[in-house]
Amino acid sequence: MKKMLIAGNWKMNTNLFEAQKLAEYVLGGVKNMPKVNIEILMCPPYTNLQSVRDIVENSAIYLGAQNCHYEPKGAYTGEISLRMLKQLDVSYVIVGHSERRQYFGETDEIINKKVKAVLEYDLTPILCIGETLQEREADKTFDVLKTQLDIGLDGISKESYDRIVIAYEPVWAIGTGVSASSEQAQEAHKWIRNYLENYFQEKAADIIILYGGSMKPSNCQELLSQEDINGGLIGGASLDPESFFEIIQKAQKIVESL
Ligand code: PGA
């Protein structure tokens with residue numbers, strides 16, 4: 001069966017009440033689904049992790065964090081460690097989102113430390129990669145992806161290969177309303193899968209590669225139907241409970257139809 005993960009990245013948006021409402025709505029919908037053959041993930045802000053955990057506990061919905069520090073503890077004012085996240089039943093951690101790269105100076109080297117730390121804590125990193133518009137126009141897309149993967153995955157052992165999720169998120173498609181076309185996305189995803197196959201010397205068919213960048217109910221069907229797209233990392237549309245649930249339902253139908 002095709003693996004599919006539908007992940008909501010709430011970014012810096014919800015307060016306590018909004019987070020609870022959103023989680024409750026989606027959970028209500030998921031509970032009424034006759035079958036759930038996909039993975040569903042919500043990544044609220046740190047301050048909402050505990051309250052969302054209390055809502056989705058023991059359900060088909062997993063909890064994720066949007067970032068982490070790579071050290072277990074110490075004098076890092078304002079940071080959150082994996083030791084803390086683990087206690088809150090977080091299963092996934094988004095690492096290297098382009099907004100962290102762009103606004104908080106995260107380099108591929110820092111991101112690599114985070115990927116390793118997440119794996120050490122037995123959690124699943126969602127490593128985000130993607131090119132800017134300028135890089136795409138200069139025909140550098142695959143060079144950029146290669147560098148981000150070469151450094152981001154440096155030193156990750158072969159045993160961990162199927163515990164890593166990659167999110168291809170073209171920077172020009174994030175929050176712009178303009179998603180990559182299904183052809184552009186599939187081309188990048190196929191390239192990423194081939195890269196992973198060479199890198200880990202393993203069949204990469206089982207590795208989840210998410211697409212992110214303006215995914216919404218109106219374009220998810222086409223994107224998610226592509227052979228090498230195993231789900232979405234969804235920002236804006238994940239804040240609208242009905243839209244997010246519609247994407248979940250469409251993803252479930254695609255998996256069932258295969
Ligand atoms: P978007 O964000 O769906 O709002 O484009 C996606 C992301 O940044 O993960």
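How far is the sulfur of Cys-128 from the closest cysteine sulfur, and in which residue does that sulfur lie? In this predicted model, the closest cysteine sulfur to that of Cys-128 belongs to Cys-43, at 9.4 Å, which is too far for a bond. A disulfide requires the two sulfur atoms to lie within 2.5 Å. For Cys-68, the closest cysteine sulfur is that of Cys-128, and the separation of 12 Å is likewise too far for a bond. The structure as a whole holds zero disulfides.

Helix 2, spanning residues 49-56, is mostly covered, with six of its eight residues buried. These buried positions are Leu-49, Ser-51, Val-52, Arg-53, Ile-55 and Val-56. Just after helix 2, the backbone at Asn-58 adopts a positive phi of about 60 degrees.

Helix 7 (residues 141-152) packs with helix 8 (residues 182-200) at an angle of about 40 degrees, and the two axes are 11 Å apart. Helix 7 is therefore oblique to helix 8. The crossing of this pair is right-handed. On the helix 7 side, the contact involves Phe-142, Leu-145, Lys-146, Leu-149 and Asp-150, which meet Glu-187, Ala-188, Trp-191, Ile-192, Tyr-195 and Tyr-199 of helix 8. By residue class, this contact of helix 7 with helix 8 divides into eight nonpolar, no polar and three charged residues.

Helix 9 (residues 217-224) and helix 10 (residues 241-257) form the other pair, with an angle of about 25 degrees and axes 9 Å apart. Because angles under 35 degrees count as roughly parallel, helix 9 and helix 10 are assigned to that class. Helix 9 passes helix 10 in a right-handed crossing. The residues of helix 9 in this contact are Pro-217, Cys-220, Gln-221 and Leu-224; those of helix 10 are Ser-243, Glu-246, Ile-247, Lys-250, Ala-251 and Ile-254. The contact of helix 9 with helix 10 consists of six nonpolar, two polar and two charged residues.

Buried positions also occur in loops. Gln-226 lies in the loop between helix 9 and strand 8 (231-234). Its relative accessibility is 19%, and the limit for a buried residue is under 20%, so Gln-226 counts as buried. With neighbours within four places in sequence left aside, Gln-226 is in contact with Lys-2, Ser-182 and Gln-186.

Ala-173 is located in the loop between strand 6 (165-168) and helix 8. This residue is buried, with a relative accessible area of 0%. When neighbours within four places in sequence are set aside, the contacts of Ala-173 are Val-178, Ser-179, Ala-180, Tyr-211, Gly-213 and Ser-214. The C-alpha atom of Ala-173 is separated by 9.7 Å from that of Gly-130, a residue 43 positions away along the chain.

Note on methods
Residues are numbered from 1 along each chain as its sequence is written. This is a predicted model: local features need pLDDT of at least 70, side-chain atom pairs count only at pLDDT 80 or more; totals for chains, interfaces and linings use all residues. Side-chain values use heavy atoms; hydrogens and water are left out. Buried means under 20% relative accessible area, exposed over 50%, partly exposed in between (1.4 Å probe, protein chains only). Helices (H or I, at least four residues) and strands (E, at least two) are DSSP runs, numbered from the N terminus. Axes are lines fitted to C-alpha atoms, for helices over the stretch in contact, and angles run from 0 to 180 degrees between N-to-C directions. Angles under 35 degrees count as roughly parallel, over 145 as roughly antiparallel, 65 to 115 as roughly perpendicular and the rest as oblique. A crossing is left-handed if the near helix is turned anticlockwise from the far one by less than a right angle, and right-handed if clockwise. Contact means heavy atoms within 4.5 Å. Ala, Val, Leu, Ile, Met, Phe, Trp, Tyr, Cys and Pro count as nonpolar, Asp, Glu, Lys and Arg as charged, and the others, Gly among them, as polar.
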